[in-house]
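Okay, thanks everyone, I'll keep this short.

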Amino acid sequence: MAKQSVNFAGVRQISRCEIHQSIKAVNAQRPGPCTQQERAKFIVVKDRNGDDDVAVCIQRNGKYQWHVIKDLEPLIHESCKEILTSSRNNGDGVYQISVGNNTVIDVYCQMTNVSGCKGGGWTLAMKINGSLSTFKYSSSYWTSKNAYNDDAYGRNGGLDNREYKGSTYWRTSFKEICVVMKYGGRLRAFSFSYPASSLYNLIADGNHRQTQVGRAQWKSLISGSSLQLHCNREGFNLRSDSTLSKYRVTVKVRLGIIANQQNHCDSPDSYVGLGAEGGWNYPVDPNWCQPPDKSLNSAGNLGQCSPDNGNKNTKAMAYILVR
């Protein structure tokens, strides 16, 4: 039998989890009366073969009656991944998902493949323009539950050039992260496993959390990228080991990899990543290298001070998606 999407008048849209939580324990063969007080209640009933079905109390033609739902598919799912395998999947675009507490939000779902991130069902969380300072490392957007362009303008274009931070940043749990960068009109991406209750819980406290992606994978996000040879610290909330104030000008990155020409992480000068800052306002001192390009770069690749592929200051559009 084909799946049914149920949307009876007066019955609010609900998630699969909410349906399971609301099913009442009743006599499956004698469910009792369906009345105004029982309206929108879900129960388990038996069919003629003795199998369990779900029934909902609805009002139809002025009368209250139990309606049996076969192969129930809720109208509101809890993630883009759930929608991917449902009849509601209409490709890339905006959908509604339930985030608990009877709250439904609009999200952009990437349903088609993004090179390097297997399959679809990804929920867009952030879009960052490396030429702008909106999402640099010290921006409060990383440490707060404040959205940015979380509307049709910012959200609905998907992997376009408009900056965006959705409430998905703090409301969406996940098992995988997809990092995408767009430079020269080409998208490059990879995904990795990192279960968490939200991006906010991974980033907002400022603590370093290591990933195991690898230097080569991070470099693959930008064609021709360049990094120094040492340090190679990767993950979330990256910065130098030194507490000396003179090193506060070295690079910092919210998600990515940082590197240094010395065999330590006291003074990293290069990175591939997003939510970046620093690496350019260096003292005029013979002990410091002098960056050839001192313009801001909050997402992309900064390579300087003896990197492996020449000096770079490549500013990209960067995207974070979760699943």
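Before anything else, one cut-off: when I say buried, I mean under 20% relative accessible area, exposed means over 50%, and partly exposed is in between. And please keep in mind that this is a predicted model.

So, the overall picture. The protein chain has 323 residues, and 49% of them count as buried. In secondary structure we've got six helices and 17 strands. The chain exposes about 15200 Å², with carbon and sulfur atoms supplying 43% of that. As for contacts, if you take those between residues at least 6 apart in sequence, 57% join residues at least 24 apart.

Right, on to the disulfides. How many are there in the count? Five. And how does the pairing run if you number the bonded cysteines in sequence order? It goes 1-2, 3-4, 5-6, 7-8, 9-10. I'll take you through some of them.

Let's begin with Cys 34 and Cys 57, whose sulfur atoms sit 2.0 Å apart. This pair links distant parts of the chain, 23 residues apart: Cys 34 is in the loop between α1 and β2, while Cys 57 is in strand β3, residues 52-60. The link of Cys 34 and Cys 57 is right-handed, with 90 degrees about the S-S bond. Cys 34 has 12% relative accessibility, so it counts as buried. Cys 57 is buried too, at 0%.

Next, Cys 80 and Cys 109, again a disulfide, with the sulfur atoms 2.0 Å apart. Here Cys 80 is in helix α2, residues 80-84, and Cys 109 is in strand β7, residues 104-110, so to speak a helix-to-strand link across 29 residues. Left-handed or right-handed? The torsion about the S-S bond is about -75 degrees, so the disulfide of Cys 80 and Cys 109 is left-handed. Both of these cysteines are buried.

Then there's Cys 289 with Cys 305, where the model puts the sulfur atoms 1.6 Å apart. Cys 289 is in the loop between β14 and β15, and Cys 305 is in the loop between β15 and β16, 16 residues apart. Buried or partly exposed? For Cys 289, the relative accessibility is 23%, so it counts as partly exposed. Cys 305 comes in at 8%, which is under the 20% cut-off, so it counts as buried.

Conventions:
Residues numbered from 1 in each chain as written. Predicted model: local features only at pLDDT ≥ 70, side-chain atom pairs only at ≥ 80, totals over all residues. Heavy atoms only, no water. Helix = DSSP H or I, 4+ residues; strand = E, 2+ residues; numbered from the N terminus. Buried < 20%, exposed > 50% of the residue type's maximum accessible area, 1.4 Å probe, protein only. Contact = heavy atoms within 4.5 Å. Areas by Shrake-Rupley, 256 points an atom, 1.4 Å probe, with all protein chains shown as cover. Disulfide = S-S within 2.5 Å.
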